[in-house]
Structure formats: C-alpha cells, structure tokens
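Below is a set of questions and answers on a two-part protein model. Please look at the structure first.

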Amino acid sequence: MYSDLTLIWAFIIVFAVFVYVVMDGFDLGIGILFPSFKVGPDRDTAMNSIAPVWDGNETWLVLGGGGLLAAFPLAYGVILSALYAPIITMLLALIFRGVAFEFRWRDPAHRPFWDAAFTGGSLLAALSQGIVLGALLEGIQVSGRAYAGGWWDWLTPFSLVTGLGLVVAYALLGATWLILKTEGDLQRQAARHAWRFGGATLVAIVTVSAMTPFLEGAYFNRWLTYPNILWVAPVPLLVAMASLAFVRSLKGGHELAPFLLTLLIFLLCFFGLGISVFPYVIPGAITIWDAATDRSSQIFMLIGTGLILPLILGYTGWAYWVFRGKVQAGSYHV
Amino acid sequence: MHGPFDALLLARVQFAFTVSFHFLFPAITIGLASYLAVLEGLWLKTGQAQYLDLFRYWAKIFALVFGMGVVSGIVMSYQFGTNWAVFSDRAGPIIGPLMAYEVLTAFFLEAGFLGVVLFGMERVGRGLHFTATLMVAVGTVISAFWILSVNSWMHTPAGYALNAAGQFVPRGSWLAIIFTPSFPYRLAHTVSAAYLTTALLVGGVGAWHLLRDQDNLRSRTMFSMAMWMAMFVAPLQIVLGDLHGLNTLVHQPVKIMAMEGHYQSHPNGAPLILFGIPNSAEKRMDYALQIPQVSSLILKHDLNAPLAGLDTVPQADQPPVGIVFWSFRVMVGLGFLMAGLGLFSLVARARGTLYTSSALLRFALVMAPSGLIAVLAGWVTTEVGRQPWTITGLMRTAESASPLLAAPAVAASLAAFVVVYFAVFGAGVVYILKLMAKPPAVHELAPPHIPVRTAGITPAQAIQPDRTPSP
C-alpha cells in the first residue's frame, strides 16, 4: 500500500512536470522565436496568442516544485541544492519574460527592451531547464541525506546538449502553436520555423538518445541489452512514426495536427526518460521510495489532488475554449 | 568558522529579501481582487458606468501587480530547496502538503480565471465574467489561508512527531497541523492588513486626483469607498493585532519580550516602553520613555501582573531585540495613523468636506504607501522575533540551511536577485505610478482604433462576422 501511494505520487509529479513542459513550452517557444517576427502587428499577435494563458501555464511549474517538496521532500532538497545555479538562472529568466507581457504594452518607448527581455528570458529559462534535465540524468553526488558535489557539477557537455535540445524543442512547440492560432504571413513564417526546428528537435532527440545509454550502466542495460531491447524498442519506433506524420501534416498544411504531433513526440520522450531513470528520482542514488514523504501526508494530499486536479483541468480547458480561434493584433486587455 | 556563518547569513538575507519583495504584491492583489469584484458587482447591480470605469482603471494596475506577484512567487517555491535543503527535507512532510494545497486550490484558480477577467469581457457573458472576477478574489484569500497555515506551523508547531530519518511527520489529525494556535490570529491580521493596504492605496490615488480636480465623479467614488474602509478596518486591525499579540504572549513569550524591549523581568508590573534605544550588549534600554505598569495592563489586563524578561531566557535562544523592537513600533505607529485617517474622514464626511478638505486629501495621499510599510514591518517583527528558530523550539535556523552552502554562490545569487528585483520591479512600480497618475476617465480605455467592438484582444469578429462566437 505504502509503495503504491509512492508510485501514484511519482506519477502525479511527472504528470505535472509534463503538463508544465508542453504548456509553458509553447509560450517559452514563442519567446524564443519572437525576434524573427516583424515589429508591429505580427509580434503583438504572437504575444496576444499566449497572454491570457501564460500564468496558468507557469502555475504547473509551481505545482511541480511544490509537489516535489510535498511528496518527495528529500529529493526536493537535494536536487535544488545540487542544481543551484541553473535553477536560480531559470527563476530570474522567468521574471524577465513574465513581466514583459504587461510592461511592453505599458511602455511603448522601451518596447524593444522588453521584447528583448521576453526573448532573452524565454531562451535562458528553456536552456536552464534543459541543463537541469541533463544534469539530473547524469546523476547527482549524494552523501547521507544531502548533496555532496560541487557548484559546477551541473555543467557538462551532455547537459549543454540537453539544454540546447530543449530550446529547439520549445521553439518547435511555439511554431506549431502559432500555425494553429494565426493566419497569413505570420502563419507561413511559423510553418517555416516548424520545418527548421522540427528538424533540429529530431537531431536533438537522436543525439540525447544516443548519448544516454553511455552515461550509466543502468541506462545501457535498460535500452541496449537483450531482452530489454524488445520491450523498449517501440518508443523510438513510435517517435519515428510520429515524426513522419508530423512531416506529412506540415506538407498538407494542417493547422492543428502539427501541434498535437509535437505534443505526442514530447510525450514519447518523457516516456523514454521514465524508462531510463525509474525507479530513481535521483538516478543511481535515491529511489522514489527513499525520498517518499510520510504515508499520512501522501493520503492527505491525494484526497485533495484527486478532487481538485480534474476541476483544474476542467476550468483550464474552459479558459482555453474561451480564447479559441485565430488571434490578431489589436489592443491589449480591458 | 568564518565561512559557514557568512553563507548562513547571506542565505537568510536572500530569503528575507525575496520574500519581502514578493509579499508586497499579494498584499495589494488580495485587497485589489476583492475591490474589483465589488466594483463589478456594483456595476452589474446599478448599471452606473462609473463603476465599470473604475473596474477597468484598477484592473490595469491589478494586471501589472499580479504579474509581478506570479514571477516573484515562483522564486519563493524554489527558495526553500536551494538554500534550505535540510529544512525542506525535515519539514517537507508537514509543510509540503499545505503548500501543495495552496497551488491546487488557489494558484490555479487565480491564474485560470485571470485571463478571462482581463481579456474575456467581450467573449463571455457578464454573469460569467463576474464569476471569474469572484474566483480570482476568492483564490487570493485561499492562497493566504494555506501559506499562513504553513507559516503559523513554523511559529507554533503542533500535530507532529519525529521519524527515524529526523523528519517532522504528521501524527493525529491534519486539522491540528492546519489550525495551529497562532493561525486564526495570523490569518485574520494578515488578510485584514491586505484590505487596509489596498484601501490606503486606492484612497491615496483618489486623493491625488481630487486635489487636481474636485469634480471627477470617479475619483470621488474611489476616495469615498477607501475612506469607509479605513474608517472601519483600521480600528478592527488594531483589535486583531492586540489579540494576535496576546496569543503570541502565550505561545512565543520571548518574541513579546523583544517587541516590548523587556530585558529585565518585572515581578510587580512591567512598564510600556514607548521609545528607547535597545542596548543588547548591556542588556538594557537606553533613553527609555516609558509608562509604568501599562505593559502588564495590556498583556495581562492587570497593572501589577508580573512579566518575565529576556533575563530568564538563555542568550542562545534570544532574538535580536533591536530589529524586533523597532519594526514593531513602526507597524503600531502607522496603524494608529491609519485609524486617525479613518476618523478624520468621518468628521469631514459629516461636515460635507470629504472631497474638498485639502488637509484630509493630503493626509490620505501621504498615507498611500503606509499599508505596505506596516505590512513589511509586521512581518519583520514576527519572523525576526521567532529567531533563532525556523520552527519554534524544534529546529534552529543554523541547522536548516543546505550543508554545503558556500558564501560565494549565495552572495552571487543574492546580488543577482537584488539587481534584477530592483531593476525589473522598479520599472513595474514606475508603470504602476504612471497608470495611477492618469485620472480615471469616462469610458476608461475604450480603444479608439477598433471598430464595432470596444475591447478584447480579438477584434477579428469585427472583420469576420462569421467567426463571432455565440454568446
């Protein structure tokens, strides 16, 4: 029973992180693509397509962090002290891009500055998140109940690859979101971005997938030894199929399919990461059961989460429904 | 020994800095969200356009403040882990679930409906829009409920046991953890403070515009509403603060000793020290201006009741007296000035000079930021007064920090926070002041360049009627 609740909580946290990655992913992606859009209506439209939803999207990051503290307090403490620099960089970057939504409208004289803050913040936040992922995959040095490594352990060639990988993947999400939400020149430009960053994302996926098994013996065993390879082979195969479908949807000029297929590719990558690290929350050092909180805390939170999470998904869906359809430039709120 | 102490102090400064900056925004949004709901409700009920104008005027300011609250709040949810890993590990099973409930019941509610409030007026019906405004207002108060529950548990812990790994884990009922002895008082005092802070801001803005133009109906309405709030909430807040203090005397008497500046015990009734220079080296209050017996009267309702002083507390368990003593006096002094403003406004209202008395308007203008200052002073009093503990009597601040915390890393991140916060939020404050400097106008921000539809981000309907969503 105890272990079952821990599994459920691991699933909930992973779910929250996944929702965060795809939802803030597309609005961070728009930030990354922002400088390529023409100053004026094109930029305003791109901004307007995410303005009503971005802070809801970022709330999933708070749930991921808060949920990790609540369900796996040991892991929360160790991971955040180990990845100190990229985490703080991410937080500061998110400040710049978050305030830009309002500030660029309030201060037209400095709009170029806030546009740059929007792009720089989005880019740096995406890069930091990718670095966090890579550093975590490579493993964190733990002694007792605490981080035992140095201040720069997170900086490695692999973590830089995952960092850049996430940047191009977010850009792809942003491009496909704009295909869905815009028309005309901006939409055509978004489609060109989707081609470009779709290719870059595939390269990143292949690179990270090729490097991962050689980071640790456990990963190698999971992916490349018989008979495990038979069980895990469907994941890369499905990625390949989803990528083909993605190419076809772009060629066919579909508006919704590229976005959904990108989401599917993200989901498959998440699945692949899960295969690599399960049942560890800190690979090689701390399992989800080592880090799990008290059973009473698990039950107390599960009751609330079970009741409230569906409601959240419901009204979040409603808010997206309210703002459905194509977006255009024009004035900001109220 | 030099190194770790420095890192610890820097980590404390970093947390104090980021949380103080952050709290300024919710202190405004808690009150402003409710104010927006009242304004929209009045508009729907009376049909008077001035309420809609005021709604739009303050919604623009709300959007800016809320955005800054969101991004500075995300920082807070990670501050526990970066510098305070041991605290996170040991207290996580208790405070983690409460914070998770805050995210689930409050943050999503606010964020989910805020988009509709700001951008959706032309896309949903009036009733639905009003519902969204109410949800945002309710969300801000629910958020206060949970985070103050966490904070109160750290002040007056209850319902816990220690497990083999040294973690505080729940034992018995979660209600005992959520509703710790100091929680009801802290919640009431803090939420009331947020309403008062907002009322003073709104009143100050109203006063500013009335000093320029006595006849602006919208300025009059906001000023009048704000002064009613000051009239009622400021005295209420003094009563709530007194009750909170009495509760603290029972559960955290050392904090009260520091607030009162009582270095010595007073077996025959303690004096109320109005002002003085705390001299912690010599354990005495220099140049004290005091009223005999009155502290015992306030705290024990008995002129001659004995009150213990810091001389009964081991040195290692004492908070820094100077900071607590002074921040408490700043808060209380401002509180009485707010009550004075409320009273002044009542007199002016009775005389019919509410909108014309330049003395009152100037007073209200000067008092505009007083709520924010008082709120910070209050938090400094209660948090510094809890030292040297993070969890009163159970876990010291010194043992809460991440073990390998190195001064250069904490110093670098602290410097980055300071620079970014002052630059970014400084710009935000300038934009807010610019918005406040514009008088509330008739047809507040009806964009002139958009045909047919007056607001919303999607004038597409005007161009493509077939795309108009059904109401």
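Q: Which residues have the most contacts inside the largest nonpolar core?
A: This is a predicted model, in which local features need pLDDT of at least 70 and side-chain atom pairs count only at pLDDT 80 or more, while totals for chains, interfaces and linings use all residues; side-chain values use heavy atoms, with hydrogens and water left out. Residues are numbered from 1 along each chain as its sequence is written, and chains are lettered from A and ligands numbered from 1 in the order in which they are written. A nonpolar core is a set of buried Ala, Val, Leu, Ile, Met, Phe, Trp, Tyr and Cys residues joined through side-chain atoms within 4.5 Å, where buried means under 20% relative accessible area, exposed over 50% and partly exposed in between (1.4 Å probe, protein chains only). The largest core has 221 residues, and those with the most contacts inside it are A:Trp60, A:Phe72, A:Tyr170, B:Trp58 and B:Phe425.

Q: Which helix gives the largest share of this core?
A: Helices (H or I, at least four residues) and strands (E, at least two) are DSSP runs, numbered from the N terminus. With 20 residues in the core, the largest share comes from chain B, helix H2 (residues 49–83).

Q: Which residue of chain B is in contact with A:Trp60?
A: Contact means heavy atoms within 4.5 Å. Leaving aside neighbours within four places in sequence, A:Trp60 touches residues of chain A including A:Phe15, A:Tyr20 and A:Leu309.

Q: How much area do chain A and chain B bury between them?
A: Buried area is the accessible area (1.4 Å probe) that two parts lose on being put together, summed over both. The contact takes 71 residues from chain A and 86 residues from chain B. Carbon and sulfur atoms carry 74% of the buried area, which is about 7000 Å².

Q: What is the N to O distance in the salt bridge of A:Arg145 and B:Asp89?
A: A salt bridge is a side-chain nitrogen of Lys or Arg within 4 Å of a carboxyl oxygen of Asp or Glu. The rule finds 2 of them across the interface of chain A and chain B. For the side chains of A:Arg145 and B:Asp89, the N to O distance is 2.8 Å.

Q: How many residues apart in sequence are the parts that A:Arg97 and A:Asp24 tie together?
A: A:Arg97 forms a salt bridge with A:Asp24, with the closest N and O atoms 3.9 Å apart. A:Arg97 lies in helix H5 (residues 84–106) of chain A and A:Asp24 in helix H1 (residues 2–33) of chain A, so the parts tied together are 73 residues apart.

Q: Is A:Lys38 buried or exposed?
A: A:Lys38 forms a salt bridge with A:Asp42, the closest N and O atoms being 3.9 Å apart. A:Asp42 has 15% relative accessibility and therefore counts as buried. A:Lys38, at 52% relative accessibility, counts as exposed.

Q: Which residue of chain B takes a positive phi in the hairpin of S3(B) and S4(B)?
A: Strand S3 (residues 272–279) and strand S4 (residues 284–291) of chain B run antiparallel and are joined by 6 bridges; two strands pair if DSSP finds at least two bridges between them. The bridge partner of B:Ile277 in S4(B) is B:Asp286. The hairpin has 4 residues between the strands, and the residue with a positive phi near 60 degrees is B:Lys283.
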